[in-house]
Amino acid sequence: MENTKMFLIRYAEIGTKGKNRYVFEDILCKRIRNRLEPLGEFKVWRDFGRIYIESFSDYDEDEALDRLTKIFGIVGVCPVTVAEDFSYEGIRTAVFKYFEETFGDNPDNEYDGYNFSFKAHTKRINKDFPMNSMEVDIEIGHDLLEKFGDKGLTVNVHKPDVMLEVEIRGDKGYVYSKKIPGPGGLPIGTNGKAMSLLSGGIDSPVATYMIAKRGVEMEAVYFNSPPYTSQRALEKVEKLGTILSQYTGPIRFYNVNFTDVQLCIYDNCPHDQLTIIMKRIMFQIAERLAEKDECQAIVTGESIGQVSSQTMQSLGVIDAAVQCPVYRPVIGMDKQEIVEYSQRIGTFETSIEPYEDCCTIFVDKHPVTKPKMYAIERSEKKLVGKIEELIDKAVETAELIILK
C-alpha cells in the first residue's frame, strides 16, 4: 500500500486566538517541518482553520505519524485523499479511492471489509462550488451505497461507525474519516521558556510535559551528587529528558554537581531541616541558570502532602528562596493520577528504574513538616561564608547537554 500523500492537521485552542491566530499557526507549521525534515520531502502550509502536509518522497509513514502525534498544538492528524478536479465527479472519484484504500484490502481496517455504517458530512468553504453541502452529502451517500452496499456498507445518520468528512476548499476537495489524536495544547515557543527541576522520579517529567503543553519551551536542571549518586542515575534522568524531547523539541539540560553543597548543609545545619534547606539552594541555583538562559519560571513536580517537604508550609518556605515564579502543575494530583499520566506520555517505565537521586541521600528519619521561616533562616546563617563559593562553583561548572 502506498504512503499517504497528504495529511490534514486539525487544531482546537489555536482557533480562539483571534488576530494573533496566524502567529500560532506559523509556529505550529515550523514545528511540523522541523519534525518531518529528517524523514523526507514535505510541504507544510496553512489555510483558514487547517494545516496541510503534502509528501513528495517515500517516507516511513508510521514514524511520521508518531512524530506528528507528539507535537503540541495538534489535536488530530487526518490522512486525506485529494480531489484534484473541482467538480462533484472529482469528489466522487476521490471518495471511492479513499474507501477502497482505507477499507478494501487494507490490513489496518478495523472493520470486516465494508461491513460498517457511515454518514457523509460536507463542509463547503468555497461557496463557488455548484452544489451545497447537503446536496453533496446526499449524492455521496447514494453513490457509496450503490457501489459498496452489496458488500455490507449501510447508512446511519445518527450513530455511524464512520463519519466521512468532505471539505471543499479553494479548488480542491479533501476526503477523510480517520482522525488520529494528537496531544492538543499550544505549539512550543508561543509562551516563553521555563527551567524544570528534573529528577529521576515519576512526578517531575509529568510536570515538565504539562507546562510544555501550554506552549512553553523547556530547559532542565538535574542535581547530581557523586559518589553518593551513580552514573546510572544521571543516565536515567537523561533518558527521561530524551523521552520528553519527543514532545518538547531539544532540551537544554544542566547537570549540576551538588555534592559539596549538600555536605556543607549536612555539616552545619540541623538534620531535620536538611531537605528544606537543600531545596531552597537548589531553587537558587536553578534560578541563576534560568536567568542566564532568559527563562521566566521554575517548574517542579511537587504535589501537596505527598512527602514531608511538600506540605503547604514547606512549599512556602522553599519558594521564598527565589524571586522568579515557581509552577507546580501536578500540585493537586494524587500519586495514582500522576502515575497514569506518566504511563500515557511514556516516562513511567524509566522513572521506576531503581537508581537513587540526591534528594534521597541525606534525608533525616524525622524531617520537619511545618518549618518556620525564622528557624530556617537562623540555620542558614551558619552557612554564610562557607556555601556562597560552593554555589558559584556549582553554577559555573554545570555541564550542559542537549537532549533530543
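Is Tyr-174 buried or exposed? Tyr-174 is buried, with a relative accessible area of 6%; buried means under 20% relative accessible area, exposed over 50%, and partly exposed in between, using a 1.4 Å probe and protein chains only. The model is predicted, so local features need pLDDT of at least 70 and side-chain atom pairs count only at pLDDT 80 or more, while totals for chains, interfaces and linings use all residues. Residues are numbered from 1 along each chain as its sequence is written, and side-chain values use heavy atoms, with hydrogens and water left out.

**Aromatic pairs**

- The structure holds 20 aromatic pairs; rings of Phe, Tyr and Trp (its six-membered ring) pair if their centres lie within 6.5 Å, and planes under 30 degrees apart count as stacked, over 60 as edge-to-face and the rest as tilted.
- Tyr-52 and Tyr-174 form a stacked pair, with 4.6 Å centre to centre and 25° between the planes.
- This pair links distant parts of the chain, 122 residues apart: Tyr-52 is in strand E3 (residues 50-55) and Tyr-174 in strand E8 (residues 172-176). Helices (H or I, at least four residues) and strands (E, at least two) are DSSP runs, numbered from the N terminus.
- Tyr-52 is buried, with a relative accessible area of 0%.
- Phe-223 and Phe-258 form an edge-to-face pair, at 5.1 Å centre to centre and 65° between the planes.
- Phe-223 counts as buried at 4% relative accessibility, and Phe-258 counts as buried at 0%.
- Ring pairs also join a cluster of Phe-96, Tyr-98, Phe-99, Phe-103, Tyr-111, Tyr-114, Phe-116, Phe-118 and Phe-148.

**Helices H3 and H4**

- The axes of H3 (residues 88-104) and H4 (residues 133-148) come within 11 Å and cross at roughly 45°; axes are lines fitted to C-alpha atoms, for helices over the stretch in contact, and angles run from 0 to 180 degrees between N-to-C directions.
- H3 and H4 are therefore oblique to each other, given that angles under 35 degrees count as roughly parallel, over 145 as roughly antiparallel, 65 to 115 as roughly perpendicular and the rest as oblique.
- Residues making the contact include Phe-96 and Phe-99 of H3 and Phe-148 of H4, where contact means heavy atoms within 4.5 Å.

**Thr-81**

- Thr-81 is in strand E4 (residues 76-83) and is buried, with a relative accessible area of 9%.
- Not counting residues up to four places away in sequence, Thr-81 touches several residues, including Tyr-98 and Tyr-174.
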